[in-house]
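User: I have a model open and a few things to ask about it. Can we go through it piece by piece?
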Amino acid sequence: MSDKNILMIDLNGQYEKIKDQIDRSIIKSLESGKFINGPVVKEFSNNLSKYLNVKHVIPCGNGTDALQIAFMALGLKPGDEIICPSWTYISTAETAMFLGIKPVFCDVDRATFNMTAKNVEKLINNKTKAIVPVHLYGQSCDMEPIVKLAKKHNLKVIEDNAQAVGCKYTFPNGEIKYTGTIGDIGTTSFYPTKNLGAYGDGGAIFTSDDKLAKKIKMIANHGQSKQYQHKTIGCNSRLDSIQAEVLNIKLKYLDKYNKARNQMAENYNKAFSSVEQLHTPELNQNSTHVYHQYTLRINPLYRDPLIAYLNGKGIPNRIYYPIPLHKQKVFSKIVDSNYNLPNTNLLSATCLSLPIHTEIENSSQDFIIEQVLNFFK
Ligand SMILES: *Cc1c(COP(=O)(O)O)cnc(C)c1O
């Protein structure tokens, strides 16, 4: 048995290594007295926009707000439809519903877990206004055909990039772009467990369109063009200065962190390649992977027993997601009975994510691998 407390993600181990810098920056922020929208928020948004090579990064309160603000900025209205995967976190569709927009759920590819243009195309009708690809678990959807399809039907593309900050997609012509900077708008989350995580809530919206950027900024700040001049309905969604300090430091380590996640994934892949009942995650050839999650597909007969076995050994594991969105009660009124999402249904019965983090030496990965192999022996 391992004597260590194994974690799904080791945020404490990560903090320990950058503690001095973080603590100093937080104290600096406290002493500045500028708790909301201090100069560091601007500094961080400039640094992230440089990193991503996108013209505007507009920080906001969290990744859910980012999606809501994106829909509002694009002028989506009640009765409009968006197409998004069912195999995602609730935020992607919840924000649409909140605005009276109907999320129409498309199936994903069972090998890459991501939405495909082919599945989207079947669902386009004259109410469709936008496509919302989610770069799930840290790898890009195949964006070139999605962007093409959007152009053909005059649809907007909003990328939910909450799980894939730092992931790069290569177009067939060789052009490389970071996910979240390919569509009209990209959104992300700085929730602590995300690849670029704050020590509280945070999020951001990306665009290279000046007009849209202006609208987004206004909506995120009570619809104000100037203070106390409200042009449109907005919300209050801001990144606080302490989180911006933390993110500014962590951004410097993002590539290193993503590399460590890749190393862990590679170790798992190597170890599990010979286990017949396991499918290791498949790579989309035109995308890098930042392994927000390391997600296996398991013969469904073995999944529950494996979960029980791992739990018994103190090895954390999670199903992302146990109930796909088209089966959630909250969407029952808009999901008609002809929904046919076979891959999504299959994934909810077969997926299992194992611990993955940025501090490999603390990861107990050998123990995890040994126990998984033991189970299948
Ligand atoms: C985490 C996440 C969000 C929401 O981010 P919050 O900051 O928690 O609001 C949205 N979409 C996806 C795919 C996510 O994983």
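Analyst: One term to begin with: contact means heavy atoms within 4.5 Å. Also, this is a predicted model.

User: Fine. Using that, what does T358 touch, not counting residues up to four places away in sequence?
Analyst: T358 touches Q14, Y257, A260 and R261 on that count.

User: Where is T358 found?
Analyst: T358 is in the loop between β14 (351–354) and α11 (365–376).

User: Is T358 buried or exposed?
Analyst: Buried, because its relative accessibility is 10% and the cut-off for buried is under 20%.

User: Which side chains does the T358 side chain make polar contacts with?
Analyst: The side chain of Q14 is one, at 3.1 Å. The side chain of E359 is another, at 2.6 Å.

User: Changing topic to the ligand. Which residues come nearest?
Analyst: There are 13 residues around the ligand, and G63, T64, D160, S189 and K194 come nearest.

User: What is that shell made of, by class?
Analyst: Eight residues are polar, three are nonpolar and two are charged.

User: Which polar side-chain atoms face the ligand's own N and O atoms?
Analyst: D160 has a side-chain N or O atom 2.8 Å from a nitrogen atom of the ligand. For Q163, a polar side-chain atom lies 2.9 Å from a ligand oxygen. K194 has a side-chain N or O atom 3.1 Å from an oxygen atom of the ligand.

User: And how much of the ligand does the protein cover?
Analyst: On its own the ligand has 380 Å² of accessible area, and the protein covers 91% of that.

User: G63 was in your list of nearest residues. Which helix has it, and how covered is that helix?
Analyst: G63 is in α3, which spans residues 63–73 and is mostly covered, with 10 of its 11 residues buried. The buried ones are G63, D65, A66, L67, Q68, I69, A70, F71, M72 and A73.

User: What caps the N-terminal end of α3?
Analyst: N62 does, with a side-chain oxygen 3.0 Å from the backbone nitrogen of T64.

User: And what follows α3?
Analyst: G75, which has a positive phi near 75 degrees.

User: Stepping back, what does the domain assignment give?
Analyst: Domain 1 covers 11–252 and domain 2 covers 254–375. Their C-alpha centres lie 24 Å apart.

User: How many residues are in contact between domain 1 and domain 2?
Analyst: 48 residues of domain 1 are in contact with 40 residues of domain 2.

User: Now V120. Where is it, and is it buried or exposed?
Analyst: V120 is in helix α5 (residues 117–121). It counts as buried, because its relative accessibility is 0%.

User: What is V120 in contact with, leaving aside neighbours within four places in sequence?
Analyst: V120 is in contact with I83, C106, M115, I131 and L149. V120 and I83 are 37 residues apart in sequence, and their C-alpha atoms are 6.7 Å apart.

User: Last one, I36. Where is it, and how accessible is it?
Analyst: I36 is in the loop between α1 (11–32) and α2. At 43% relative accessibility, I36 counts as partly exposed.

User: What does I36 touch, not counting residues up to four places away in sequence?
Analyst: R238, D240 and S241.

User: And how far apart are I36 and L278?
Analyst: I36 and L278 are 242 residues apart in sequence and 47 Å apart in space, C-alpha to C-alpha.

Methods: Residues numbered from 1 in each chain as written. Predicted model: local features only at pLDDT ≥ 70, side-chain atom pairs only at ≥ 80, totals over all residues. Heavy atoms only, no water. Near = heavy atom within 4 Å. Polar contact = N/O pair within 3.5 Å; in protein donor to acceptor, adjacent residues only side chain to side chain. Areas by Shrake-Rupley, 256 points an atom, 1.4 Å probe, with all protein chains shown as cover. Nonpolar A, V, L, I, M, F, W, Y, C, P; charged D, E, K, R; others polar. Domains from an automatic or database assignment. Helix = DSSP H or I, 4+ residues; strand = E, 2+ residues; numbered from the N terminus. Buried < 20%, exposed > 50% of the residue type's maximum accessible area, 1.4 Å probe, protein only.
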